[in-house]
Amino acid sequence: MQPPSGQPPPGQRWHTREDSGIRLDAALRWWHDDIPVEHPKIIELFNSSLVLDEEGRYQLRIGKDWCYVQVEEAAYEVRTVDVTEDERVSVRLSDRTAEALDPATLALGADGVFRCRVKGARAQARFSRDAQHQLGELLEEGEEGRLYLRAGQRRTALTVSLGASSV
């Protein structure tokens, strides 16, 4: 298929791989040319197709097609928090992958929502309401408001304190 030529229709523009017009906002909502993407299957396709390239730029890769997208804050949503049989905490992400949670990367935003680093600490993930509740079930408050992550018999001190804002 040949790329479009000439002038785009009035009020529209041609999109390129470098300038797709697609962005993921801080609340993890997808947009195209400042119009919200609302179809659930398109949202799921975008979530599962988002990758971070070697240069640290986000791309949507769908089959052989790809384009760069703008990510305002977190690129992924933590949808579920699990405790593994070996008493480690893992997170399941919006791109349908799962990985071990690195407790050292947990941060509590000014909005009261936890975030963590994922994808080899190269990307940020924001906890969904359900995942935040699941994480909360694993947190214990210690002396002076210090938080600990409890997974079975494993207890890990966190660098986040109650009431602190790290993001």
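**Pocket, folds and contacts in a predicted model**

Me: Which residues lie nearest the centre of the largest pocket?

Reply: The largest pocket has a lining of 12 residues. On a 1 Å grid over the protein atoms alone, a pocket is an open set of points where a 1.4 Å probe fits, with protein on both sides within 12 Å along at least five of seven lines; lining residues have an atom within 4 Å of a point. Nearest the centre are S20, I22, D65, W66 and C67.

Me: What kind of model is this, and how are residues numbered?

Reply: This is a predicted model, where local features need pLDDT of at least 70, side-chain atom pairs count only at pLDDT 80 or more, and totals for chains, interfaces and linings use all residues. Side-chain values use heavy atoms, leaving out hydrogens and water, and along each chain, as its sequence is written, residues are numbered from 1.

Me: How much space lies in the largest pocket?

Reply: Rolling a probe the size of a water molecule over the atoms shows where empty space is left. Grid points are joined across faces, edges and corners, and the volume is the space filled by probe spheres set on the points. For the largest pocket this comes to about 310 Å³.

Me: Which strand gives the largest share of that pocket's lining?

Reply: Strands (E, at least two residues) and helices (H or I, at least four) are DSSP runs, numbered from the N terminus. Two strands, β5 (58-62) and β6 (65-68), each supply at least two lining residues. The largest share, 3 residues, comes from β6.

Me: How many residues of the lining are nonpolar, polar and charged?

Reply: Ala, Val, Leu, Ile, Met, Phe, Trp, Tyr, Cys and Pro count as nonpolar; Asp, Glu, Lys and Arg as charged; the others, Gly among them, as polar. The lining splits into 6 nonpolar, 4 polar and 2 charged residues.

Me: What share of the protein's residues counts as buried?

Reply: The protein has 2 helices and 16 strands. Buried means under 20% relative accessible area, exposed over 50%, partly exposed in between (1.4 Å probe, protein chains only). Of the 167 residues, the buried share is 38%.

Me: Which elements do the buried residues of α1 pack against?

Reply: Helix α1 spans residues 40-49, and F46, N47 and S49 are buried there. Contact means heavy atoms within 4.5 Å. The buried residues of α1 pack against β1 (22-24), β2, β4 (50-52), β5 and β8 (76-83).

Me: Is V160 buried or exposed?

Reply: V160 sits in strand β16 (residues 154-161). Leaving aside neighbours within four places in sequence, V160 is in contact with L106, A107, L108, F114 and L147. Its relative accessibility is 1%, so V160 counts as buried.

Me: What distance separates the C-alpha atoms of V160 and A104?

Reply: V160 and A104 are 56 residues apart along the chain. Their C-alpha atoms are separated by 8.8 Å.

Me: Which residue's backbone nitrogen does the side chain of T105 reach?

Reply: T105 lies in the loop between β10 (98-100) and β11, and is buried at a relative accessible area of 17%. Not counting residues up to four places away in sequence, T105 touches R115, C116 and R117. At 3.1 Å, the T105 side chain reaches the backbone nitrogen of R117.

Me: How far is the backbone oxygen of L158 from a polar atom of the R146 side chain?

Reply: R146 lies in strand β15 (residues 146-151), and is partly exposed at 36%. Not counting residues up to four places away in sequence, R146 touches E140, E141, A157 and L158. A polar contact is a pair of N or O atoms within 3.5 Å; within protein, one must be able to donate a hydrogen and the other to accept it, and residues adjacent in sequence count only if both atoms are side-chain atoms. From the R146 side chain to the L158 backbone oxygen, the distance is 3.3 Å.

Me: What is the phi of D34?

Reply: Most residues other than glycine have a negative phi. D34 is in the loop between β2 and β3 and is exposed, with a relative accessible area of 57%. Phi of D34 is positive, near 65°.
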